[in-house]
Amino acid sequence: MTTEQELSVDRLIDDPRTRIVVCCGSGGVGKTTTAAAIGLRAAERGRRTVVLTIDPARRLAQSMGLTELDNTPRPVKGVTGPDGPDGPGELHAMMLDMKRTFDEVVIAHADPERARAILENPFYQSLSAGFAGTQEYMAMEKLGQLRATGAWDLIVVDTPPSRSALDFLDAPSRLGSFLDGRIIRVLMAPAKVGGRGAMKFLNVGVGMVTGTLGKIFGSQLLTDLQTFVAAMDSMFGGFRERADRTYQLLKAEGTAFLVVAAPERDALREAAYFVDRLAADEMPLAGLVLNRVHGTGAPQLSAERAHAAAQSLEENGAEHEPGQADADVLAAGLLRLHAERMEVMVRERRTRDRFVSVYPDVPIVEVPALAGDVHDLDGLRLIGHRLGGTAED
Amino acid sequence: MAGTEEPTEARGGPDWEGVRLHVVSGKGGTGKTTVAAALALALAAEGRRTLLIEVEGRQGIAELFGIAALPYEERKVATVSAAQLGGPAKGRGQVNGEVFALAIDTEQALLEYLDMFYKLGRAGKALQKVGFVDFATTIAPGVRDVLLTGKACEAARRKGPDGRRAYDAVVMDAPPTGRLTRFLNVNSEVAGLARFGPIHSQAQAVMGVLKSPETAVHLVTLLEEMPVQETVDGFTELRAAGLPTGGVMVNMVRPPVLDAAAVAAVHGDHREEVALALVEAGLGGRSRTAATRRAAVEPLLDPLLDQAREHAERVALEHEQRADLAALRLPSYELPLLSGGVDLGGLYRLAGELKAQGAA
Ligand SMILES: Nc1ncnc2c1ncn2[C@@H]1O[C@H](COP(=O)(O)OP(=O)(O)OP(=O)(O)O)[C@@H](O)[C@H]1O
Ligand SMILES: Nc1ncnc2c1ncn2[C@@H]1O[C@H](COP(=O)(O)OP(=O)(O)O)[C@@H](O)[C@H]1O
Ligand SMILES: [Mg+2]
Ligand SMILES: [Mg+2]
């Protein structure tokens with residue numbers, strides 16, 4: 001009854017008009033793995049590709065040569081395009097260093113002296129290392145930078161391991177509105193109007209607010225805070241503009257979003273929120289990657305029959321000579337394992353169908369759950385192959 | 001505790017006797033909220049009273065217990081008897097334990113706190129109006145964390161008018177491991193910002209409790225590479241920060257369907273014997289000729305053996321993860337993967353497991 005279409009990642013990455021692929025989804029579903037697999041596949045199909053990963057598993061990072069966080073793309077060894085090392089197609093990869101990216105933005109937007117004042121300020125340090133959303137914002141910033149170089153045919157972006165996939169879209173504006181907030185203006189007021197202004201429109205005495213803050217935090221802190229705010233003030237416009245520009249980039253022709261989810265209720269609920277949000281923001285959704293889906297080579301044997309057969313073997317076990325009795329135990333184990341697999345598949349199928357009935361137009365591609373985790377280029381190739389979809393190979 | 005070799009047997013007292021504040025963390029999505037709730041239940045058995053605290057404003061507790069959103073107020077959310085957790089039905093277990101829950105609202109907590117110390121009055125309103133709370137907690141997350149951990153410490157030490165403890169234990173569903181040390185190390189976080197004043201002294205008082213033997217920090221993990229790595233790193237960081245390490249809570253453990261011997265056997269060549277067994281189990285159909293029945297099970301053989309090999313690979317991987325966890329030399333507990341998710345019954349079941357394994 002489902003009317004869903006099959007998603008072909010090959011069609012997406014082979015299209016020269018596709019310039020940015022963003023992999024989103026809730027935590028642990030396989031965003032980083034998917035992003036890396038797509039990057040590798042695109043490179044091996046002849047595109048000059050860069051993958052921006054955020055938090056790769058350690059062994060995966062090592063396999064891509066990402067042993068150092070130096071915040072610039074590095075070529076991945078052992079990857080060439082279809083025509084060998086001299087033909088088109090290469091893969092570069094990098095791991096985001098959020099603090100460093102933030103520092104670079106500051107340096108780019110302030111004269112050296114002011115930049116230094118900001119970088120050394122304890123509030124800046126706390127903001128750049130800990131603000132919920134800094135990682136998202138810096139991922140976008142880095143994407144903007146990579147795009148601006150024009151050096152890449154295709155940029156594949158992983159997104160931070162946040163709980164909600166929406167955080168990636170919301171964080172930059174949250175940071176923006178924070179930097180534009182009233183309290184910032186209150187704190188700036190003394191400097192601007194000579195120390196004794198009252199912000200009438202807020203109906204709040206600036207002195208009262210700053211006085212209270214001083215009382216609570218001590219005057220040293222208030223001074224640090226005002227220094228920070230004053231230094232940042234000159235950059236606010238620049239910050240917001242950059243964030244807006246990158247946000248526009250996400251809406252532009254050539255950008256495609258892939259939502260990654262595991263075939264589980266929570267993950268698909270998050271995916272659904274994200275699909276709605278992309279539609280509301282008129283951002284281009286390429287499809288859903290359903291990752292870690294279980295399958296079997298013996299679908300004809302139902303869970304019930306497998307359980308029943310296992311039970312009969314377990315009950316008869318004692319009647320045989322030793323060799324065959326062992327085989328009976330083994331066969332019963334195989335059947336139980338199969339029954340369990342079938343039950344998981346039924347549950348996953350049901351979860352998937354529920355999604356499809358609400359979103360029949362979202363193309364889907366399934367990626368099987370591998371037995372081990374994915375930690376080398378071969379593993380990524382395998383995933384990439386399954387993502388490739390219906391396009392000829 | 002349940003070591004790898006020792007199953008859930010009779011043992012001495014619970015492993016965390018004397019601990020009043022249990023902090024539960026772990027990688028995102030590993031089951032922190034679930035395990036924290038199960039631990040609060042387990043600790044409440046035998047007529048005790050516990051408080052389960054949530055700090056991220058997500059109403060995870062309400063969702064788990066299937067109740068309406070919790071206000072910023074301590075509320076009873078469950079009662080529990082020893083029998084419900086698999087203990088004896090009679091005797092001491094007849095007094096029901098109680099689990100209370102508190103979802104901390106940062107904004108209210110901050111204003112309440114400020115008002116208590118500074119009698120802010122109109123200035124408090126003014127701060128609220130200009131978005132101070134958002135600002136303070138954004139620009140100085142340490143300030144928010146002092147409030148949150150401070151609240152948990154206060155509840156853990158609170159005494160009633162009769163001089164008895166208000167709660168036998170407090171369990172906090174803490175932020176994930178990535179942010180944990182910063183979250184708990186409020187002292188140094190705040191010290192750089194507020195060098196004097198009440199916030200500073202509050203931070204020091206909180207730190208005193210957190211670093212004492214009355215606190216234990218447990219980390220929840222799955223038997224997968226990334227969560228295990230995060231757990232190992234997390235405990236290392238906790239140790240470096242001088243924070244008291246608790247137990248390793250291994251969650252969503254899948255039952256080994258095939259035992260080790262069977263897994264090993266899969267690698268040998270047992271195709272023919274397995275085929276015979278399948279025929280014998282009736283999977284070859286009802287044909288009277290043995291050859292036909294044998295042929296009928298043929299298409300099942302490779303898929304079944306492949307699945308077993310995958311299973312064996314998974315078991316081997318899990319074995320590696322267990323070894324990494326064992327190297328931590330900390331008490332460890334294993335909670336089963338409940339198929340179909342965790343409902344209220346499942347939560348009691350997990351609590352029973354924790355109790356049986358000595359976590360409570
Ligand atoms: N033992 C278990 N068996 C089956 N499902 C489980 C088990 N433990 C947790 N879950 C499920 O896993 C999901 C995540 O659990 P939970 O919300 O407790 O994790 P968390 O670590 O608190 O997540 P977050 O990082 O988002 O706060 C939930 O759907 C929960 O029901
Ligand atoms: N299809 C798959 N089969 C098996 N393991 C997978 C698969 N996809 C991802 N994994 C594993 O799951 C873990 C989490 O994947 P990751 O890509 O880091 O998730 P995310 O970036 O969404 O948090 C990694 O250990 C990875 O190797
Ligand atoms: Mg990731
Ligand atoms: Mg939680």
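**Ground rules**

I number residues from 1 along each chain as its sequence is written, letter chains from A and number ligands from 1 in the order in which they are written. In this predicted model, local features need pLDDT of at least 70, side-chain atom pairs count only at pLDDT 80 or more, and totals for chains, interfaces and linings use all residues, while side-chain values use heavy atoms, with hydrogens and water left out.

**Entry 1: chain A overall**

I looked up the secondary structure of chain A and found 15 helices and 8 strands. These are DSSP runs numbered from the N terminus: helices are H or I with at least four residues, strands are E with at least two. Next I checked burial. Of the 393 residues of chain A, 54% count as buried. Buried means under 20% relative accessible area, exposed over 50%, and partly exposed in between (1.4 Å probe, protein chains only).

The accessible surface of chain A is about 17000 Å², and carbon and sulfur atoms hold 50% of that. Such areas come from the Shrake-Rupley method with a 1.4 Å probe; for residues, only the protein chains shown count as cover.

**Entry 2: domains of chain B**

I found two entries in the domain assignment of chain B: domain 1 (21–254 + 337–356) and domain 2 (260–313). The bounds come from an automatic or database domain assignment. Taken over C-alpha atoms, the centres of domain 1 of chain B and domain 2 of chain B are 50 Å apart.

**Entry 3: ligand 2**

I listed the residues around ligand 2 and got 17, the closest being Gly30(A), Lys31(A), Thr32(A), Thr33(A) and Leu370(A). A residue is near a molecule or strand if one of its heavy atoms lies within 4 Å of it. The site is shared between chains, because residues from chains A and B surround ligand 2.

I looked for polar contacts next (pairs of N or O atoms within 3.5 Å). A side-chain N or O atom of Thr32(A) sits 2.6 Å from an oxygen atom of ligand 2. A polar backbone atom of Val374(A) is 2.9 Å from an oxygen atom of ligand 2. For Pro368(A), a polar backbone atom is 3.0 Å from a nitrogen atom of the ligand. The protein covers 97% of the 560 Å² of accessible area that ligand 2 has on its own.

Which elements of chain A each supply at least two residues of this shell? I noted helix H2 (31–44), strand E7 (285–293) and strand E8 (364–368). H2(A) gives the largest share, 3 residues. By class, I count 8 nonpolar, 6 polar and 3 charged residues around ligand 2. Ala, Val, Leu, Ile, Met, Phe, Trp, Tyr, Cys and Pro count as nonpolar, Asp, Glu, Lys and Arg as charged, and the others, Gly among them, as polar.

**Entry 4: ligand 1**

I placed ligand 1 between chains A and B. It has 16 residues around it, and Lys32(B), Thr33(B), Thr34(B), Arg58(B) and Leu338(B) come nearest. A polar side-chain atom of Lys32(B) lies 2.6 Å from an oxygen atom of ligand 1. For Thr33(B), the distance from a side-chain N or O atom to a ligand oxygen atom is 2.7 Å. The protein covers 82% of the 630 Å² of accessible area that ligand 1 has on its own.

H1(B) gives the most to this shell, with 3 residues.

How values were computed: Polar contact = N/O pair within 3.5 Å; in protein donor to acceptor, adjacent residues only side chain to side chain.
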